[in-house]
Amino acid sequence: MNYFIRLTLLFILINSCVGDVNLEPIDKLIEEKQYDEAINHIRAINLPPFPDSILIRRLKQRELLARKGKFFSGLDTLFLSGDSVKIENQLNLIKSRINMMDSVNARWYFFDYYNNLSKYALLKSDRKNWIWNIEKLEHLPTSGPDIKTALFIDAAFYLAENGDFENARNWLDKSLRGIEIEEGNIFLERVYKKYMNGKFKVADSILYQNKGSLTSFHWKRIQFFLNLYTDSLTLQNRFRLW
């Protein structure tokens, strides 16, 4: 986080008063891509003298989302147009701007950069670079972990469709590690344990028996993946991930 953001948050802390903070208006503004309004809303919040650290973290996360949304908004518009030349030029400009940031702040922006670079590769039907960019963003921080999970499952499907089951399972392993299992969801806990112990058919069977109870889109895709490819998965090179 740069100096200006830190100074702004410090000012809010020092000049605050007691009161509840409703984050829903901020979330709505970000969802509607009204990024400047979201940032102004955050700056205008009056916090208690000793604010909850979780609240501070949530406000920082939302400010980051708003700033990144604004930063990449021009690129989002170009993707809608499908103009590959302008998209590539914008991506190059974005990379140069991120390289000027401090390293800690840049890591958050580089996630979105490589995610957009992967979308650009798909636009050009360049699957090799698409996978390469997913690999680049794997270890970068993101405020939207669901994005990583979805991309990892995409990669698993693509590799399995092309007969590379070892690497397909590798990416499915990573996706499963990123999915939160709701406390008390016994059958999903069993699926996770069976899968990670190499009991792919058992994991597939449990998911199939409970597929009507699956609410997560990620789990639905994993169930479909296992239904298609369980017989082809092996534990070969699993040790590399532990």
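The model is predicted, so local features need pLDDT of at least 70 and side-chain atom pairs count only at pLDDT 80 or more, while totals for chains, interfaces and linings use all residues. Residues are numbered from 1 along each chain as its sequence is written, and side-chain values use heavy atoms, with hydrogens and water left out.

Trainee: What volume does the largest pocket have?
Mentor: A pocket is an open set of points on a 1 Å grid over the protein atoms alone, where a 1.4 Å probe fits, with protein on both sides within 12 Å along at least five of seven lines. Grid points are joined across faces, edges and corners, and the volume is the space filled by probe spheres set on the points. For the largest pocket this volume is about 490 Å³.

Trainee: Which of the residues that line the largest pocket are the closest to its centre?
Mentor: A lining residue has an atom within 4 Å of a point. The largest pocket is lined by 19 residues, and the closest to its centre are Tyr35, Leu65, Gly69, Asp112 and Ile147.

Trainee: Which helices each supply at least two residues of the lining of the largest pocket?
Mentor: Helices are DSSP runs (H or I, at least four residues), numbered from the N terminus. By that numbering, those that each supply at least two lining residues are helix 2 (24-31), helix 4 (53-81) and helix 6 (103-123).

Trainee: How many charged residues does the lining of the largest pocket have?
Mentor: Ala, Val, Leu, Ile, Met, Phe, Trp, Tyr, Cys and Pro count as nonpolar, Asp, Glu, Lys and Arg as charged, and the others, Gly among them, as polar. The lining has six nonpolar and six polar residues, and its charged residues number seven.

Trainee: Which helices each supply at least two residues of the lining of the second largest pocket?
Mentor: The second largest pocket holds about 310 Å³ of space. Its lining comprises 16 residues, with Ile179, Glu180, Glu182, Ser216 and Trp219 the closest to the centre. The helices that each supply at least two lining residues are helix 8 (145-161), helix 10 (186-196) and helix 12 (217-229).

Trainee: What is the geometry of the aromatic pair formed by Phe152 and Trp171?
Mentor: Rings of Phe, Tyr and Trp (its six-membered ring) pair if their centres lie within 6.5 Å; planes under 30 degrees apart count as stacked, over 60 as edge-to-face and the rest as tilted. The count by this rule is 14 aromatic pairs. Phe152 and Trp171 lie 5.1 Å apart, centre to centre, with 45 degrees between the planes, and the pair is tilted.

Trainee: How many residues apart in sequence are the parts tied together by Phe157 and Phe225?
Mentor: These two rings form an edge-to-face pair, 5.2 Å centre to centre and with 85 degrees between the planes. Both Phe157 and Phe225 are buried (under 20% relative accessible area; exposed is over 50%, partly exposed in between; 1.4 Å probe, protein chains only). Because Phe157 lies in helix 8 and Phe225 in helix 12, the pair ties together parts whose separation in sequence is 68 residues.

Trainee: Which residue lies over the face of Trp171?
Mentor: A charge sits over a ring if NZ of Lys or CZ of Arg is within 6 Å of the ring centre and within 35 degrees of the ring normal. At 4.1 Å from the ring centre of Trp171, the residue over its face is Lys174.

Trainee: With which residue does Arg221 form a salt bridge?
Mentor: A salt bridge is a side-chain nitrogen of Lys or Arg within 4 Å of a carboxyl oxygen of Asp or Glu, and the structure holds nine of them. Arg221 is buried, with a relative accessible area of 17%. The closest N and O atoms are 2.7 Å apart, and the partner of Arg221 is Asp154.

Trainee: What is the phi of Lys33?
Mentor: Most residues other than glycine have a negative phi. Lys33 lies in the loop between helix 2 and helix 3 (35-43). Although Lys33 is not a glycine, its phi is positive, at about 65 degrees.
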